[in-house]
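Here is a short report on side-chain packing and strand pairing. Keep the coordinates open while reading.

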Amino acid sequence: MVSEIRIRPLTPITGAEVEGVDLTSDLPPAVVARLREALLSHKVLVFRNQPMDDERHVELTNAFGGATAAHPIVNGLPENPAVLRTALSEERKALIEAEAGLSHPLKERTLRRLRTEWHVDSTFVVNPNAITILRGVEIPLTGGDTLFANLEALYEGLSPSLRGYLDTLQAIHSRHAPSAPPRFDGKPAGPFAAVHPLVRVHPETGARSLLVSAVFLQAIRGLKPRESAALLDFLLDELAGRDEIHARVRWEQDMLVMWDNRAVAHAGPVDGLLFEEERIVHRTTVVGDVPCGPNGFKSRALMGGRFEALA
């Protein structure tokens, strides 16, 4: 069965489409190992024509390391707490506010960042999820695309001198949702804050990447506010502006996208204000490790605890 799997890169360095594998059935260990190898290499994997229900979606997630609750703050589906449902019809108000720079706590100096909402999932907890698996449940004929950026290539594209400096830094990530309902698992729904290395070392490959997020990253420790804002603006402009590290995924019904949350940032739906049709996706995440920097610094929780796998 492993020999039937075909990997077709989307770009030279970011993303690949996988053919010859049926994710709707239990996967042999050799197939899971082959897909994990492909994920580490290409960062983003696209699987077309994979109709499945939420239960199978969670089983697939467990095969790659253990499903977490749907989100550290937002509850999942009542019948399946590991699954986060996102409907574009419910998100458009937030998209409009973000486009206008009205919904971000740092809006005075982050309007440029917010246009694409580049982020790494759940970096406000001390152990952001390792893998994200997103499934198309109701997909419009056109629109709803997701962008991905290779954070390892972003790091490698900087000068050696700058990389050496960034290797020594840490950054504070946070999120607070005062009106969030209690979590199904009884754990607090925030506030959350964590300090992470600005450059993280991948726990499986040893590759270095920039752990930057326009949504959750608030400041770089040890720098004055203007210095921190200027450096973050530069790094996020590099993230958004270097087209060669990007891949754009166009969704189809029953498509599934899996990405290494330790190596890529994403933004989407990037064109959600350009069409009126509904777009519904279901998401699961695999429990993550505590990031470690090149100098040995390990992330620490400032508020809130770890985000563990569901029992």
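Which side chain does a polar contact of 3.1 Å join to that of Thr284? The partner is His57. The model is predicted.

Thr284 sits in strand S15, residues 280-286. Its relative accessible area is 0%, so Thr284 is buried. Leaving aside residues up to four places away in sequence, Thr284 touches His57, Val58, Thr61, Ala82, Val83, Ile131, Thr132 and Ile133.

Helix H2 spans residues 54-63. Its buried residues are Asp54, Arg56, His57, Val58, Leu60 and Thr61. An α-helix has 3.6 residues a turn, so residues three or four places apart point the same way. The cover over the buried residues of H2 includes S5, S15 and strand S13 (256-260). After H2 comes Gly65, with a positive phi near 135°.

**Aromatic pairs**

The whole structure holds 3 aromatic pairs. A pair of aromatic rings is described by the distance of the centres and the angle of the planes. Two of the pairs share Phe124 and are set out here.

| Pair | Centre to centre | Angle between planes | Class |
|---|---|---|---|
| Phe124 and Phe192 | 5.8 Å | 45° | tilted |
| Phe124 and Phe216 | 4.9 Å | 75° | edge-to-face |

Why does the pair of Phe124 and Phe192 tie together parts that are 68 residues apart in sequence? Phe124 lies in the loop between helix H4 (107-114) and strand S5 (131-138), while Phe192 belongs to strand S8, residues 192-197.

Phe124, Phe192 and Phe216 form one aromatic cluster. Are its members buried or exposed? Phe124 and Phe192 are both buried. For Phe124 the relative accessible area is 0%. Phe216 is buried too, at 8%.

A ring also meets a charged side chain. Arg163 lies over the face of Tyr155, 5.7 Å from the ring centre.

**The three-stranded sheet**

Which strand order does the open sheet of 3 strands have? The order is S12-S6-S14, and the pairing is antiparallel. Strands S12 (246-249) and S14 (264-267) stand at the edges. Each has a single partner strand, so one side of each lacks a neighbour in the sheet. From one strand to the next, the twist averages 20°.

Strand S6 covers residues 146-150. It is joined to S12 by 4 bridges, and the two run antiparallel. Within this pairing, Thr146 faces Val249 of S12, and Phe148 stands opposite Ala247. Another 4 bridges join S6 to S14, again antiparallel. There, Ala149 stands opposite Ala265.

How many of the residues of S6 are buried? The count is 5 of 5, so S6 is mostly covered by the cut-off of under 20% relative accessible area. In a regular strand the side chains alternate between the two faces of the sheet. In S6, Thr146, Phe148 and Asn150 lie on one side. Leu147 and Ala149 lie on the other. Residues on both sides are buried, and both faces of S6 are covered.

How values were computed. Residues numbered from 1 in each chain as written. Predicted model: local features only at pLDDT ≥ 70, side-chain atom pairs only at ≥ 80, totals over all residues. Heavy atoms only, no water. Phe/Tyr/Trp six-rings, centres within 6.5 Å; stacked < 30°, edge-to-face > 60°. Buried < 20%, exposed > 50% of the residue type's maximum accessible area, 1.4 Å probe, protein only. Lys NZ or Arg CZ within 6 Å of the ring centre and 35° of its normal. Pairing = 2+ DSSP bridges. Axes fitted to C-alpha atoms, helices over the stretch in contact; angles between N-to-C directions. Polar contact = N/O pair within 3.5 Å; in protein donor to acceptor, adjacent residues only side chain to side chain. Contact = heavy atoms within 4.5 Å.
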